[in-house]
Amino acid sequence: MANEENDRGAADDVEKPAALIDPNHKPGTPDILPVLPLRETVLFPDMLLTHTVQDARDVRLVDDVLLKDRFVAFAPVTEPTADPSDPAMLRDRGCVGVILKMIKFPDGGLRLLVQGLKRIKVDRILEREPYFQAETSVEPDVLEKSVTIDALFRSVRDQFTKLLDLLPQAPGEVKLSAVNITEPGRFADLVAANLNLTMEERCTILDASDVKQRLERISVLLERELQIIELGTKIHEDVKQKISQGQREFFLREQLRAIRNELGDGDDRVGITELEKALEDAGMPEEAMKETKRELSRLERMQPNSAEYTVARTYLDWMATLPWNTVTEDRLDVEKARKILDADHYDLAKVKDRIIEFLAVRKIHPDSKSPILCFVGPPGVGKTSLGRSIARAMGRKFERISLGGVRDEAEIRGHRRTYVGALPGRIIQGIRRAGTKNPVFMMDEIDKLVSDWHGDPSSALLEVLDPEQNSTFRDHYLDAPFDLSKIVFITTANTIDTIPSALLDRMEVLSIAGYSEEEKLHIARRHLIPRVLSDNGIKGSQVKFDAAALRTVIGSYTREAGLRNFERELSAIARKIAVKIASGKMGPFTVKGEEVKKHLGPPRFFAPEVAKSEQPGVALGLAWTAAGGDLLYIEAAKMPGKKHLTLTGRLGDVIKESAQAALSWIRTREKELGIPDNFFENEDIHIHFPEGATPKDGPSAGITLVCALVSLMTNTPVRQRLAMTGEITLRGKVLPIGGLKEKSLAARRAGVRDVIIPKGNDYDLGDLQPEVLKDIRFHPIEVIDEMIPIAFPKLSERLSLGKKGEAGKSGGAGVSSKKKAADKRGK
């Protein structure tokens with residue numbers, strides 16, 4: 001009470017409190033009483049109530065009553081917000097009480113200490129002003145002694161006692177009163193006055209003058225309150241237990257941290273905290289984060305010196321450092337990209353156009369699926385450097401891996417986390433090195449994958465290179481999906497023959513043939529010589545290479561489709577000059593053609609002898625290899641025997657079958673070709689392919705085999721500087737072949753002047769360099785018969801096969817092919 005007075009301020013008028021009225025001695029109360037409305041509480045008989053008065057009507061009522069007998073009728077209102085001057089707001093049941101104490105505050109309000117005396121009924125309102133005056137009548141308790149009343153009373157007492165036990169903060173006088181009161185009606189009023197009830201519930205108890213009814217109502221309310229208190233207590237205990245558990249865990253963790261610090265393991269815990277923050281900042285998808293949190297939880301319970309700790313920690317480091325959301329913004333300026341490609345590479349127009357098309361589509365439709373480009377060509381033609389140029393043109397990071405000799409599927413999909421050395425596959429490793437999820441990713445030597453009992457890595461690549469699947473690529477080590485759909489994949493190969501068909505189907509093949517001598521000259525001046533001089537510490541102004549020197553290196557010291565050996569020989573010359581510069585000779589130096597031999601030694605390659613040979617039975621074919629085009633020498637010899645055919649030179653099944661087909665076709669035409677009678681009855685034939693250590697196979701040697709056999713059987717040499725390529729049938733058809741560009745370059749390097757090709761390859765002449773078309777006369781043919789006048793002019797005249805129509809047809813075909821090719825290149 002004193003605290004409340006201090007909160008409101010000092011009182012300016014304090015009435016001396018009246019003595020408490022003995023509950024067993026209730027003085028008589030007048031029938032006409034002033035009525036004080038109660039808006040928020042209810043006064044019960046024999047109970048003390050502290051009540052605050054603010055309304056002016058109520059303040060005047062208290063002032064008048066204190067001058068008299070202090071008795072007031074306290075009546076609850078029906079609506080707390082009702083008009084205080086409206087008597088209809090008063091309930092007809094109330095309680096007469098006596099004001100024991102009054103305190104007046106500076107704001108004009110009063111605080112009363114009131115003791116309830118009796119239940120009353122407000123019969124009628126006599127006066128409204130200045131406050132309510134009413135005629136009242138006392139309503140005594142109705143109590144019929146019975147076993148039911150006793151049972152109800154005991155039940156209510158037990159419920160209230162239980163409730164007080166659950167409420168330690170309950171006042172002591174309430175507990176004392178609960179023990180001392182033996183009257184059921186008074187006990188019910190005591191309970192109602194001290195329960196947390198609504199205004200309406202309190203009024204229902206006040207209205208019940210029947211003690212049995214009052215006990216029944218209070219029993220229901222007590223049971224509800226007990227359930228609420230018990231549930232609240234349970235919730236409190238649960239929360240307290242959780243808090244206690246948290247405090248206990250915190251205490252134990254602090255102890256564990258102290259122990260770790262004593263053992264020298266404290267720094268590792270700091271590392272786990274930093275790792276946890278890095279994982280949160282990585283921005284990984286929900287499934288990956290779920291797996292990461294599970295592994296992090298395991299890590300926290302492991303000892304740092306255990307093997308499993310190393311596996312888990314390495315895994316989490318990988319998850320934290322992968323670029324889950326890091327992307328590089330594309331730079332899709334088509335014209336700038338074209339300039340970059342032209343600056344980095346000479347010629348390769350077809351490949352450059354396809355790259356520009358790809359960039360143009362990506363600029364118009366950024367969400368388009370990236371094609372998987374596969375650059376196929378011999379070594380040293382610039383396949384890998386093309387990938388770097390694409391990355392530079394797009395403004396993306398470039399990452400490269402080599403698949404040559406990869407035989408384990410885990411190299412692609414990753415190793416499962418079952419041992420200490422487990423790591424992700426090469427794809428995920430490359431992405432982490434790139435630091436972005438959308439690099440230009442080049443996979444070199446895809447044609448050299450190996451399949452054995454370790455698995456099939458080419459099958460694992462099917463998911464990586466499939467735009468429909470790689471958005472959810474799942475590495476075995478990560479055990480979570482990683483999106484590869486934003487990556488531009490580029491593969492390289494020397495041949496597509498060893499690439500599985502299912503994998504090849506996912507890639508767009510772009511062929512890059514070898515370079516001609518003129519192209520190598522241009523590339524040497526623009527790229528190779530500056531790089532070679534820079535690598536050897538020589539300034540460009542100190543050394544000059546004339547064209548004759550470069551041609552000598554190309555023709556006499558290298559024999560390749562690409563540029564690697566050419567660059568290697570140029571580097572050897574640069575080192576010789578570096579020795580001179582280091583000795584004090586500052587130059588400038590000019591490398592001339594006649595000086596190349598002094599720097600590089602004797603020439604390693606010479607013009608092929610077959611170009612000058614007039615020996616029958618020798619023909620020159622053209623072959624395609626992974627290193628570019630090459631010459632294929634075929635020698636045929638006869639000897640006495642019985643129709644036996646011998647083939648040597650480490651040949652494959654296909655080329656052996658071509659030899660059989662060539663011999664069969666010749667036997668069907670022996671009279672037209674002027675082959676002597678009984679030749680096949682009395683002679684054995686031996687066909688040999690020189691360089692016997694080199695495997696040889698393929699169908700394109702068919703026309704060359706026919707030429708060599710016809711030369712042998714008719715004793716007629718093949719035309720000088722003539723090469724040929726084409727597949728044949730038993731009906732004498734000449735079928736198209738592949739690799740014409742590479743074969744043509746090999747023929748030009750060897751000094752060949754005429755080349756017989758299938759008519760079906762006439763359109764491929766448009767892809768050849770102008771200098772090749774200038775130096776070589778191509779003769780497209782449809783049937784083998786058209787080869788005879790071209791390869792054997794003298795035999796054709798002798799056998800009357802060289803009529804003007806046929807000779808003109810074959811010769812005209814060559815001229816026409818040159819013109820068509822020139823027209824196509826011009827367009």
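**A greasy patch outside**

Start by selecting Leu231, Ile235, Val239 and Ile243: together they make a nonpolar surface patch with about 360 Å² of accessible area. Areas here come from the Shrake-Rupley method with a 1.4 Å probe, and for residues, only the protein chains shown count as cover. Nonpolar side chains (Val, Leu, Ile, Met, Phe, Trp, Tyr) are then joined within 5 Å, and like charges within 9 Å.

Before you move on: this is a predicted model, where local features need pLDDT of at least 70, side-chain atom pairs count only at pLDDT 80 or more, and totals for chains, interfaces and linings use all residues. Residues are numbered from 1 along each chain as its sequence is written, and side-chain values use heavy atoms, leaving out hydrogens and water.

Now click Ile243, which sits in helix α7 (residues 211-263). Helices (H or I, at least four residues) and strands (E, at least two) are DSSP runs, numbered from the N terminus.

**Into the cores**

Next, select Phe375, Phe566 and Leu570, which have the most contacts inside the largest nonpolar core, a set of 53 residues. A second, separate core has 50 residues, among them Met302 and Tyr477. Such a core is a set of buried Ala, Val, Leu, Ile, Met, Phe, Trp, Tyr and Cys residues joined through side-chain atoms within 4.5 Å.

**Strands side by side**

Strand β10 (residues 440-444) runs parallel to β9, joined by five bridges; strands pair if DSSP finds at least two bridges between them. Look for Glu399 and its bridge partner in β10, Phe441.

Jump to β6 (residues 110-127) and β7, antiparallel strands with six bridges, linked by a hairpin through five residues.

**Last stop: a loop**

Finish at Asp785, in the loop between β25 (777-781) and α28 (787-791). Asp785 touches Trp665 and Arg669 (heavy atoms within 4.5 Å), not counting residues up to four places away in sequence.

Notes
Buried means under 20% relative accessible area, exposed over 50%, partly exposed in between (1.4 Å probe, protein chains only). Patches are made of residues with over 30% relative accessible area and no salt bridge: like charges are joined within 9 Å, nonpolar side chains (Val, Leu, Ile, Met, Phe, Trp, Tyr) within 5 Å. A salt bridge is a side-chain nitrogen of Lys or Arg within 4 Å of a carboxyl oxygen of Asp or Glu.
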